[in-house]
Amino acid sequence: MSDADPDRALPPGQRAVPLSRFGLFQFAGWRPPEPLPSVLAVRGAVEFPALIDLAELAAVLPRREQRSDLHCVATWSAPDLVWSGFPFPAFHDLLAERVRPDPDARWVDCRGLDGYHSCLALDDLLEHRVLLADGLDGAPLTADHGAPLRLVAPAQYGYKSVKHLAILEFRHGYRAGSAGWLEHPRARVEREERGTRLPVWAYRPLGRLLLPALWRAYRRTESRS
């Protein structure tokens with residue numbers, strides 16, 4: 001993994017690299033089935049749980065292309081990615097009419113087809129840059145990067161940008177996702193909210209120290225799957 005542009009201005013503790021699939025080892029070799037699923041389930045603290053066809057999103061929601069970085073909690077960043085898809089705030093407006101989330105449900109557990117999940121504050125999801133993305137760099141999203149649909153939350157570390165998005169579950173409280181105690185509820189990049197168990201200053205050197213070994217182990221796991 002080589003630096004794409006080490007001199008580019010990035011958030012504290014981050015280093016620029018080309019985008020590559022990375023994450024928890026248990027999901028390394030998983031890819032979505034063919035044909036790709038075509039629905040997004042919305043459930044939890046809602047009045048009317050629903051299955052929303054992805055084709056409907058294209059018919060009723062505005063489409064947007066945006067340039068934003070993906071920041072991994074392990075201290076690397078993939079800069080200048082061009083995502084395309086549907087703004088989450090506009091999607092939430094649709095949900096307000098269709099499924100009627102409980103106004104007190106201020107968290108959303110986002111789940112992928114692979115079983116990975118991460119819980120986000122609704123306020124963070126309503127940030128204007130958050131997308132339900134189905135395209136990357138002018139092409140349809142690939143299996144490696146989250147097809148058929150993935151969450152893109154640029155203000156959060158990458159473990160909040162759930163790939164292969166299949167379920168949105170509205171909740172009244174935070175619930176740790178697949179990364180368990182390693183997660184931070186908000187995971188805001190500008191505040192270096194990488195986790196909750198160590199002081200902020202401790203995560204950077206730890207991440208830099210462990211990243212090469214983690215990267216090699218991830219690739220070995222992926223190749224065996």
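Colleague: In which strand of this predicted model is His 117 found, and what makes it count as buried?

Modeller: His 117 is found in strand E7, residues 117–121. Buried means under 20% relative accessible area. His 117 has 12% relative accessibility, so it counts as buried.

Colleague: What makes the link between His 117 and Asp 109 a polar contact?

Modeller: The cut-off for such a pair of N or O atoms is 3.5 Å. The side chains of His 117 and Asp 109 come to 3.0 Å, and this pair is a polar contact. Residues that His 117 touches, leaving out those up to four places away in sequence, include Asp 109, Arg 111, Ser 178 and Glu 183.

Colleague: Where does strand E7 stand in its sheet, and how do you know?

Modeller: The open sheet has five strands in the order E3-E2-E11-E6-E7, with mixed pairing. Strands E3 (50–53) and E7 each have a single partner strand, so one side of each is left without a neighbour in the sheet, and both stand at the edges. On average, neighbouring strands of this sheet are turned by 20° against each other, direction ignored.

Colleague: Why are E6 and E11 said to pair?

Modeller: At least two bridges are needed for two strands to pair. Six bridges join E6 to strand E11 (residues 165–171), and the two run antiparallel. For example, the bridge partner of Arg 111 in E11 is Ile 167. Helix H2 (residues 88–98) lies across E2, E3 and E11, and runs at about 65° to E11.

Colleague: Why is strand E5 described as largely enclosed?

Modeller: In strand E5 (residues 76–87), 11 of the 12 residues are buried, so the rest of the structure largely encloses this strand.

Colleague: Which strands pair with E5, and in which sense does each run?

Modeller: Strand E1 (residues 15–16) is joined to E5 by two bridges and runs parallel to it. Strand E4 (residues 64–71) pairs with E5 over seven bridges in the antiparallel sense. Strand E8 (residues 131–136) is joined to E5 by five bridges, also antiparallel. Trp 83 of E5 is the bridge partner of Gln 66, and its bridge partner in E8 is Leu 136. E4 and E5 form a hairpin with four residues between them, and Thr 75 in the turn has a positive phi of about 85°.

Colleague: Why is the aromatic pair of Phe 27 and Tyr 116 called edge-to-face?

Modeller: A search of the whole structure finds eight aromatic pairs. In the pair of Phe 27 and Tyr 116, the centres are 5.5 Å apart and the planes stand at 90°. Ring centres must lie within 6.5 Å, and planes over 60 degrees apart count as edge-to-face, so the name applies. Phe 27 lies in the loop between E1 and strand E2 (39–44) and Tyr 116 in the loop between strand E6 (107–112) and E7, so the pair ties together parts 89 residues apart in sequence. Both residues are buried.

Colleague: What makes Trp 76 and Trp 215 an edge-to-face pair, and what does this pair tie together?

Modeller: Their centres are 5.9 Å apart with 90° between the planes, and the pair is edge-to-face. Trp 76 lies in strand E5 and Trp 215 in helix H4 (residues 200–224), so the pair ties together parts that are 139 residues apart in sequence. Trp 76 is buried, with a relative accessible area of 3%, and Trp 215 counts as buried at 12%. Ring pairs link both into a cluster with Phe 22, Phe 25 and Tyr 218.

Technical notes. Residues numbered from 1 in each chain as written. Predicted model: local features only at pLDDT ≥ 70, side-chain atom pairs only at ≥ 80, totals over all residues. Heavy atoms only, no water. Buried < 20%, exposed > 50% of the residue type's maximum accessible area, 1.4 Å probe, protein only. Polar contact = N/O pair within 3.5 Å; in protein donor to acceptor, adjacent residues only side chain to side chain. Contact = heavy atoms within 4.5 Å. Phe/Tyr/Trp six-rings, centres within 6.5 Å; stacked < 30°, edge-to-face > 60°. Axes fitted to C-alpha atoms, helices over the stretch in contact; angles between N-to-C directions.
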